[in-house]
Amino acid sequence: MPLPLLWLGGAAIGAAFLADERQKRLQLERDRLLGRAPKQALANRAMLAAPSQWQKGFKQVIPEPGSIVCCYVFGVIEHTGIWLGDDCLVELHGSGLVRAVSIKRFLAGRTGSQIYLACNHQHQPLVSEAVLERAQQAIYQYREYDLFDNNCHRFVWSCISGHEISIQSFNELNQQLAAHFNQGIYWDEMQLPQLSD
């Protein structure tokens, strides 16, 4: 079979998959609107609505100070941080520096232009007690950064729980969040504030 036909077949399968995923997300959003969406995490599935660069146009949520945020890095992995408010987030940078940055800086060098919030089934940001204080106290500290052992997810979890544990992936962070908040995690688009230039 000629190579272009294989490419066309692959593109058609990919388009069908994306359309099916969009339909599932639309149904989930309808269920959330009607109060029928699951509150609890499902068996081995803590993240009930993943952040998606391909599925836009759903309800956007206004962040609260202490909200858990994420964005994509090159469309492959997620980068997480804590929202402080007034166009300011706290993140663990790849250099090991914990820093306060603007939305623009948080998204700089990463794919997409959207930030997502960890929310409950009713589109309410999940905020843990003392997370804001821990995040603010960590600013300008250095951590021995390691992509798999001492990464942004571990930093976010330490702000939420006050404990240091190895969190190697975004999925592991979602499992910890679901257990901590005793509910499934829905990643909703953040309503970006209107910023003056």
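**View 1. Strand β5 and its side chains.** In this predicted model, strand β5 covers residues 89-92. Leu-89 and Glu-91 point one way, Val-90 and Leu-92 point the other way, and all are buried. Buried here means under 20% relative accessible area, with exposed over 50% and partly exposed in between (1.4 Å probe, protein chains only). In a regular strand, side chains alternate between the two faces of the sheet. Strands are DSSP runs of E with at least two residues, helices are runs of H or I with at least four, and both are numbered from the N terminus.

**View 2. β5 meets β4.** Here's strand β4, residues 77-83, running antiparallel to β5 and joined to it by three bridges. Two strands pair if DSSP finds at least two bridges between them. Look for Ile-82: its bridge partner in β5 is Val-90. The hairpin of β4 and β5 has five residues between the strands, and Gly-85 takes a positive phi near 115 degrees there.

**View 3. β5 meets β6.** Strand β6 (residues 98-101) pairs with β5 too, in the antiparallel sense over four bridges. Leu-92 stands opposite Val-98 in β6. In this hairpin, with five residues between the strands, Gly-96 has a positive phi near 100 degrees.

**View 4. Zooming out to the chain.** The protein chain has five helices and eight strands. Of its 197 residues, 46% count as buried.

**Notes on the model.** Residues are numbered from 1 along each chain as its sequence is written, and side-chain values use heavy atoms, leaving out hydrogens and water. Since the model is predicted, local features need pLDDT of at least 70 and side-chain atom pairs count only at pLDDT 80 or more, while totals for chains, interfaces and linings use all residues.
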